[in-house]
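Colleague: I am new to this structure. Could you take me through some of the terms used for it?

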Amino acid sequence: MKRRVHLLMIIFAGGFLLLADQLLKWAARDNPDFQYYVFGKWLGWEYMANSGIAFSLPFPNWLLVLVTPLIIFVLIVLLIKLYYKKSSISYLLSLISIIAGAISNLIDRILFGATIDYLRVLTGVINLADVAIVVGAGAIVLGGFKRRDSGDKR
């Protein structure tokens, strides 16, 4: 029963990230001229439609729309596999944050031909989905999460 509760928590966390990012993107799209900065022009809110990939590098949108669902599918299969192997909740949450971020950015690419970014950080503009992907991947790479069944480190 406890394991089932964990699965629901993981799914809820991913859904929350996806919904929160889409709501923030809607707010940014609905008010494209609104800008607010907390610290100079280095940190704040600023709308930007990013037709490229990371750091606005140019990349064909059609290729991203084609490849991203395949990557998401592989990550979901991995998530399910690791869930049944009793991997740590931290590892599974990291994986679901990557999946939720990728789905949110894919929705933008399909609907608008670009991802909607709204958080100005230094010289770039990002969104919550980007943060979820980077934090999830960083946690997996740096975390060395333990498997419950064998106690070894990854």
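Modeller: This is a predicted model. To begin with the pairing, strand 1 and strand 2 run antiparallel to each other and share 4 bridges.

Colleague: What makes strand 1 and strand 2 a pair?

Modeller: Two strands pair if there are at least two bridges between them. Strand 1 and strand 2 have 4 bridges, so they count as a pair.

Colleague: Which order do the strands of the open sheet have?

Modeller: The sheet has 4 strands in the order 1-2-3-4, and the pairing is antiparallel.

Colleague: Why do strand 1 and strand 4 count as standing at the edges?

Modeller: Strand 1 and strand 4 (124–126) each have a single partner strand, so one side of each lacks a neighbour in the sheet. On average, neighbouring strands of this sheet are turned by 40° against each other, direction ignored.

Colleague: What lies across strand 2 and strand 3?

Modeller: Helix 3 (residues 89–112) does, at about 125° to strand 3 (115–121).

Colleague: Why is tryptophan 42 called partly exposed?

Modeller: Buried means under 20% relative accessible area and exposed means over 50%. Tryptophan 42 has 44%, so it falls in between and is called partly exposed. Tryptophan 42 sits in the loop between strand 1 and strand 2 (43–50).

Colleague: How do you know that Trp42 can belong to a surface patch?

Modeller: Patch residues need over 30% relative accessible area, and tryptophan 42 has 44%. The nonpolar patch has about 870 Å² of accessible area together, and its residues include Phe34, Trp42 and Leu122. Strand 1 (residues 35–39) gives the largest share, 3 residues.

Key. Residues are numbered from 1 along each chain as its sequence is written. This is a predicted model: local features need pLDDT of at least 70, side-chain atom pairs count only at pLDDT 80 or more; totals for chains, interfaces and linings use all residues. Side-chain values use heavy atoms; hydrogens and water are left out. Patches are made of residues with over 30% relative accessible area and no salt bridge: like charges are joined within 9 Å, nonpolar side chains (Val, Leu, Ile, Met, Phe, Trp, Tyr) within 5 Å. Accessible areas come from the Shrake-Rupley method with a 1.4 Å probe; for residues, only the protein chains shown count as cover. A salt bridge is a side-chain nitrogen of Lys or Arg within 4 Å of a carboxyl oxygen of Asp or Glu. Helices (H or I, at least four residues) and strands (E, at least two) are DSSP runs, numbered from the N terminus. Buried means under 20% relative accessible area, exposed over 50%, partly exposed in between (1.4 Å probe, protein chains only). Axes are lines fitted to C-alpha atoms, for helices over the stretch in contact, and angles run from 0 to 180 degrees between N-to-C directions. Contact means heavy atoms within 4.5 Å.
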